[in-house]
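Dear colleague,

Please find below the structure that I am handing over to you.

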Amino acid sequence: MTPLQLLDALEAFVKQETKDILLPVRVDRKSGENKERAAEVYKMRLPNKTAQTERVPYLLLQYIKSTDTQEQGQDPESECAVRIVAATYSEDESEGAMCVLNLLTRIRVALLKDGVVGGQFVLKSPLEMIVYPDSTAPYYLGEMMTKWAMPIIESEVQQIWQ
C-alpha cells in the first residue's frame, strides 16, 4: 500500500493502455529508417541524461508527495500525488503535439473509466492535464497530475492503548 506499489500498478496500467499507440522515433542516421514504437514507461527518473532525447517517446511516472490526515471526528485519509510526463518526437510540429495529446488522453480516459488501479488505489479529483505550448521541436512534452486515495496505515501504538 505504499507509493512504490502505486507506481508499479500505474506502470502496468499505463503500459497496457498505450501499448498499441505507435509513435515516431528519431531517425537512425546510419540506416535512415523511419521507425515507430510504443512509448517506454519509466518510474521516477530516466536512466540517464541522454535518455531525455534518445529514449523518446516515453512516459515518466513520478511520485510527488503523500499526505496523511485525520480531522477530529473524521476517518483518517491518505493521499498520494503522481505526475505522468509524456514526451514524443516528430519532425512535423503538429504531429508531435498531437502525439502527446493522444498519449495523455488515452491514459486520462482509461483512468476516469476505471477509477481504480492495482485493485486498491482510487483516483481522486481533480485530474489535471497539460500539453506544453513551448517551442521545443522536434520534442514535445505534456503532463498529467493525478491524486490517489491510498489504503490507510493504522498505528499499532494506538491499538495497544485502546
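The notes below cover the overall fold, the salt bridges and the cysteines.

This is a predicted model, in which local features need pLDDT of at least 70 and side-chain atom pairs count only at pLDDT 80 or more, while totals for chains, interfaces and linings use all residues. Residues are numbered from 1 along each chain as its sequence is written, and side-chain values use heavy atoms, with hydrogens and water left out.

The protein has four helices and eight strands, taken as DSSP runs (helices: H or I, at least four residues; strands: E, at least two) and numbered from the N terminus. Their order from the N terminus is α-β-β-β-α-β-β-α-β-β-β-α. Of the 162 residues, 34% are buried; buried means under 20% relative accessible area, exposed over 50%, and partly exposed in between (1.4 Å probe, protein chains only).

There are eight salt bridges, each a side-chain nitrogen of Lys or Arg within 4 Å of a carboxyl oxygen of Asp or Glu. One of them joins Asp8 and Lys43 at 2.4 Å, N to O; Asp8 lies in helix H1 and Lys43 in strand S3, 35 residues apart. Another pairs Arg106 with Asp20 at 2.7 Å, N to O. Arg106 is in helix H3 and Asp20 in the loop between H1 and strand S1, so this pair ties together parts 86 residues apart in sequence.

The structure holds zero disulfides, a disulfide being a pair of cysteine sulfur atoms within 2.5 Å. Cys80 counts as buried because its relative accessibility is 1%, and Cys99 is likewise buried at 9%.

With kind regards
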